[in-house]
Amino acid sequence: MENTLTILHNATIVTMDSGDRVFINGGIVIQHHTIIALGQSSSILHQYSSLAHQIIDLNAHILLPGLINTHVHTSQQLARGIADDVDLMTWLHNRIWPYESNMTEEDSYISTLLCCIELIHSGVTCFAEAGGQHVSGMARAVELMGLRACLAQSSMDAGDGLPPSWATQTTDECIQAQKELYAKHHNTADGRIRVWFGIRQIMNSTDRLLLETRDAAKELKTGIHMHVAEIAFENQVVVEKRKANHGTVSYLEKIGLLQNNLLAAHTVWVNNEEIEFLSKGGVKVSHCPASAMRMLGFAPVKEMLDAGICVSLGTDGAPSNNRMSIVDEMYLASLINKGREVFAKGTTDPTALPAETILKMATINGAKSVLWDDEIGSLEVGKKADMVVVNPSLWSMVPIHDCISSLVYCMRSENVESVMCNGQWIMKDKKILNMNEGEIISMAKHASSELLKRAGIEIPNRMNML
Ligand SMILES: [Zn+2]
């Protein structure tokens, strides 16, 4: 019989399991897609060496579960740099909407390829798409690049000022299109692709869309990804037009949308009562620190974690962050939320959101947020082999006195050396394996400038360009 076992050994294995186990010199055994054994290197080698098809000495590197980015706009990767330092309305009406509404499926495919390159370089093996227009283009790219994703279409059936091609969508069309995408793509690519429902945000949704999305997702046993309570203005509109007590979260509670399959992105403008609602409903929150700092404000992350809410990390899209590195978001999430304590206590709190909490947010909480923690989010026997090999012996991390804190406060994308998803290497020694990185970069440059021309977006010069 063919031998298909791979052993990785001589690594610090940070399992992120429920016992917080870290093997200082650990080994792991993989068969096909799955982890079949994990423990001290010596006993793993003793037990499995004779059965193994491949034995890899990780030479004192660190092994982490694949990181999970729970809020990404793959379609926006070609829009990096088109909306820097502009106000929110210019950002949305003059840059992002014209850009997104002029995208073709091929643009979306190229944009997703480029996005996946950056995700993989930052150790991401699974991400949640916030919702773009061409899910088939995204799915094609994800399948080829080899990662795992929960894809969603952005749906909107109301609101002023939408681009003409979007403003005509009826509620029925929004729901029907998503059901078709589910039928076509859910559980494809060896089970790496799942299809979710997407709601762009409450100001672009009728009540019928909200409720039918809730029911359709329940019927198909999948998740809903929605931008929630992003800006104070959103809450104001919901209070005025929909007679909610405080804002989006209190309204969603009233109509029964706060359930455990809802992934609420940002969730910045929520009060204590709404935090209770989110906790009671089992709603998952994606905290996107960089994007929040640029445009939204300080989310009450510590309060949400204290209330037992599963909070994970996201990058948001390239025009809201510019970087798609979840490694950077770990660092930022910790710093921003320590600094935010100034508002509550009059002084920063360096003990807020310690490194082990941040690591959980980027791994097991991410897996729970995408409703996939039965298979990913930690290194455990029976789970899928999604993992990251970190080289700590570089200028950015040396010396290491506290391995767990170094992963949050020192690690950069540069330290991410190899990435495995579903038992397959998708990056080895910093080389993306399934596609040619250089070719994708040239395709992306070309597609992006053509798209901006088509959309009529012009970026004004800054400084004295000669
Ligand atoms: Zn977003």
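Student: What are we looking at, and how is it numbered?
Tutor: Residues are numbered from 1 along each chain as its sequence is written. The model is predicted, so local features need pLDDT of at least 70 and side-chain atom pairs count only at pLDDT 80 or more, while totals for chains, interfaces and linings use all residues.

Student: How many helices and strands in the protein chain?
Tutor: 18 helices and 17 strands. These are DSSP runs, numbered from the N terminus: helices are H or I with at least four residues, strands E with at least two.

Student: How much of the protein chain is buried?
Tutor: 52% of the 466 residues. Buried means 20 or more other C-beta atoms within 10 Å of the residue's own; exposed means 12 or fewer, partly exposed in between, with C-beta atoms placed from the backbone.

Student: Which residues have the most contacts inside the largest nonpolar core?
Tutor: Leu63, Cys116, Ile120, Leu147 and Leu151, in a core of 140 residues. Helix α3 gives the most to this core, nine residues. Such a core is a set of buried Ala, Val, Leu, Ile, Met, Phe, Trp, Tyr and Cys residues joined through C-beta atoms within 7 Å.

Student: New topic. What are the domains?
Tutor: Domain 1 is 5–65 + 375–432, and domain 2 is 67–370. The bounds come from an automatic or database domain assignment.

Student: How many residues of each are in contact?
Tutor: 24 of domain 1 with 30 of domain 2. Contact means C-beta atoms, placed from the backbone, within 7 Å. On the domain 1 side, α17 brings the largest share, five residues.

Student: Now α18. Which residues are buried there?
Tutor: Ala444, Ala447, Ser448, Leu451 and Ala455. They sit on the same side of α18, because they cover an arc of only 110° around the axis. That arc is of the directions from the helix axis to the C-beta atoms.

Student: What do the buried residues pack against?
Tutor: Helices α2 (88–101) and α3 (105–121).

Student: And which residues are exposed on the other side of α18?
Tutor: Gly438, Glu439, Ser442, His446, Ser449 and Lys453.

Student: What comes just after α18?
Tutor: Gly456, with a positive phi of about 70°.

Conventions: Contact = placed C-beta atoms within 7 Å.
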